[in-house]
Amino acid sequence: MKVIVVGAGVVGTMHAWHAVERGHEVVHIEREAEARGASLRNFGQIWVSGRAGGEELDTALRARELWEGIGARVPGLGFRAIGSLTPVRNELELAVAEAAVARPDAAARGYELLTADEARALNPALRGAFEAALWCERDAAVEPRPAQLALREALLATGRYTFLPNREVRDVVGENSVRDDRGETHTGDAVVLCTGAWLSGLVREVAGEIPVRRVRLQMMQTAPLGEPLTTSVADADSFRYYPAYASPALDALNAGQVQDPTAAAHKMQLLMVQRLDGGLTIGDTHAYEHPFAFDTLEDPYEHLTRVVESFLGRPLPKVRRRWAGVYAQCVDTSRVVHRQRVRDGVWLVTGPGGRGMTCSPAIAETTANELGW
């Protein structure tokens with residue numbers, strides 16, 4: 001079988017990975033020299049802790065298993081089974097963490113409620129003041145910037161993979177075929193369009209208006225911290241954002257604790273993970289209304305800096321990079337991904353939202369299973 005994959009972000013690359021793993025030939029087409037979108041502009045977190053119970057959690061857990069296996073074969077991914085800590089500072093936040101630990105699927109997530117001393121023993125860099133912390137053992141991390149390059153190198157070594165950069169697919173022609181902007185037609189037994197947040201042009205032409213929206217975020221990365229940050233770190237605003245924490249305790253938190261105005265205005269949470277070079281990737285904001293701003297705002301960065309410094313008990317290292325990114329998210333956020341047959345032999349897979357880096361191996365595996373690869 002020959003599979004044509006359009007889009008070299010993490011979702012497209014994982015579709016190519018599964019096709020090659022199953023013995024098929026892959027032609028992988030990317031409109032830029034390499035992926036430049038949300039697949040690089042993220043935390044690199046394999047984030048199990050906040051996923052909704054049911055299909056979303058099952059997908060994340062399967063993806064976590066796949067990431068670990070692929071990471072063992074592709075060291076350039078930088079896979080680390082580091083887990084995450086969410087420190088809490090008062091009774092309202094603690095009650096949400098306690099409700100999470102009482103979930104019937106808490107064991108599958110690796111949830112455990114730690115005292116402050118236990119959390120600091122696990123992550124000594126957390127010298128600031130907090131009362132307790134929610135530990136999630138199943139969370140992990142990879143390096144988002146080099147991940148697609150490392151996977152591509154492994155794919156190329158199989159001899160069954162061809163990468164065609166700097167080609168924009170303009171048309172779907174007939175069955176199982178696409179034409180790029182150089183006029184070349186690529187035909188296979190199946191075509192998978194993994195175009196990320198590019199929802200106009202070809203996608204609109206072949207799929208119409210799909211139930212997927214674009215979401216904008218802001219993030220930053222620091223110079224090396226100078227010591228290990230041994231886990232990922234979140235703050236209690238993540239309780240407000242992730243569906244796993246929905247509970248009467250969360251309702252009480254929302255009613256009884258006013259969110260910081262900047263965090264509320266920009267729909268923020270703190271997520272933080274240390275890169276292999278020692279720097280910290282920190283974010284993020286969420287904007288849903290179009291048109292998106294073309295500039296980045298300082299208030300969210302200042303808020304994130306205050307929160308991080310309060311957990312670390314020390315000044316944040318110098319910020320070296322700031323960026324904005326855009327990802328595609330199903331309007332019905334309970335859906336893991338939008339998968340649609342748009343022509344005979346042609347499928348569109350998009351809209352995983354902030355779950356793309358976490359869930360992409362399992363999303364691609366499901367596509368491969370459904371298409372009978």
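**Helix packing around H2 and three selected residues**

Thr59, Ala60, Arg62, Ala63, Leu66 and Trp67 of helix H2 meet Met357, Thr358, Cys359, Ser360, Pro361, Ala362, Ile363 and Glu365 of helix H12, where contact means heavy atoms within 4.5 Å. By class, this contact of H2 with H12 holds 9 nonpolar, 3 polar and 2 charged residues. Ala, Val, Leu, Ile, Met, Phe, Trp, Tyr, Cys and Pro count as nonpolar, Asp, Glu, Lys and Arg as charged, and the others, Gly among them, as polar. The model is predicted: local features need pLDDT of at least 70, side-chain atom pairs count only at pLDDT 80 or more, and totals for chains, interfaces and linings use all residues. Residues are numbered from 1 along each chain as its sequence is written, and side-chain values use heavy atoms, with hydrogens and water left out.

The axes of H2 and H12 (residues 356-371) come within 7 Å and cross at roughly 90°. H2 is therefore roughly perpendicular to H12. Axes are lines fitted to C-alpha atoms, for helices over the stretch in contact, and angles run from 0 to 180 degrees between N-to-C directions. Angles under 35 degrees count as roughly parallel, over 145 as roughly antiparallel, 65 to 115 as roughly perpendicular and the rest as oblique. Helices (H or I, at least four residues) and strands (E, at least two) are DSSP runs, numbered from the N terminus.

H2 also packs with H1. Their axes lie 14 Å apart, at an angle of about 75°. This makes H1 roughly perpendicular to H2. Val10, Met14, Trp17, His18 and Glu21 in H1 meet Leu66, Trp67, Ile70 and Arg73 in H2. The residues of this contact of H1 with H2 divide into 6 nonpolar, 1 polar and 2 charged. In an α-helix there are 3.6 residues a turn, so residues three or four places apart point the same way.

H1 spans residues 10-21. Its 12 residues reach 16 Å from first C-alpha to last, close to the 16 Å expected at 1.5 Å a residue; the expected span is 1.5 Å times one less than the number of residues. H1 is mostly covered, with 11 of its 12 residues buried. Buried means under 20% relative accessible area, exposed over 50% and partly exposed in between (1.4 Å probe, protein chains only). The buried residues of H1 include Met14, Trp17 and His18. Gly23 follows H1 and has a positive phi, near 90°.

Arg51 lies in the loop between strand E3 (45-46) and helix H2 (55-73). Arg51 is buried, at a relative accessible area of 4%. A polar atom of the Arg51 side chain lies 2.8 Å from the backbone oxygen of Trp47. Not counting residues up to four places away in sequence, Arg51 touches Glu56, Leu57, Ala60, Arg109, Tyr242, Pro243, Ala244, Gly354, Arg355 and Thr358.

Tyr242 sits in the loop between helix H8 (237-241) and helix H9 (248-256). Tyr242 is buried, with a relative accessible area of 10%. Neighbours within four places in sequence aside, Tyr242 is in contact with Trp47, Gly50, Arg51, Gln269 and Leu271. The C-alpha atoms of Tyr242 and Leu126 are separated by 23 Å, with the two residues 116 apart along the chain.

Glu205 is found in helix H7 (residues 202-207). Glu205 is exposed, with a relative accessible area of 52%. Beyond its neighbours within four places in sequence, Glu205 is in contact with Arg170, Asp171 and Arg343. The C-alpha atoms of Glu205 and Arg73 are separated by 39 Å.

Note on methods:
A polar contact is a pair of N or O atoms within 3.5 Å; within protein, one must be able to donate a hydrogen and the other to accept it, and residues adjacent in sequence count only if both atoms are side-chain atoms.
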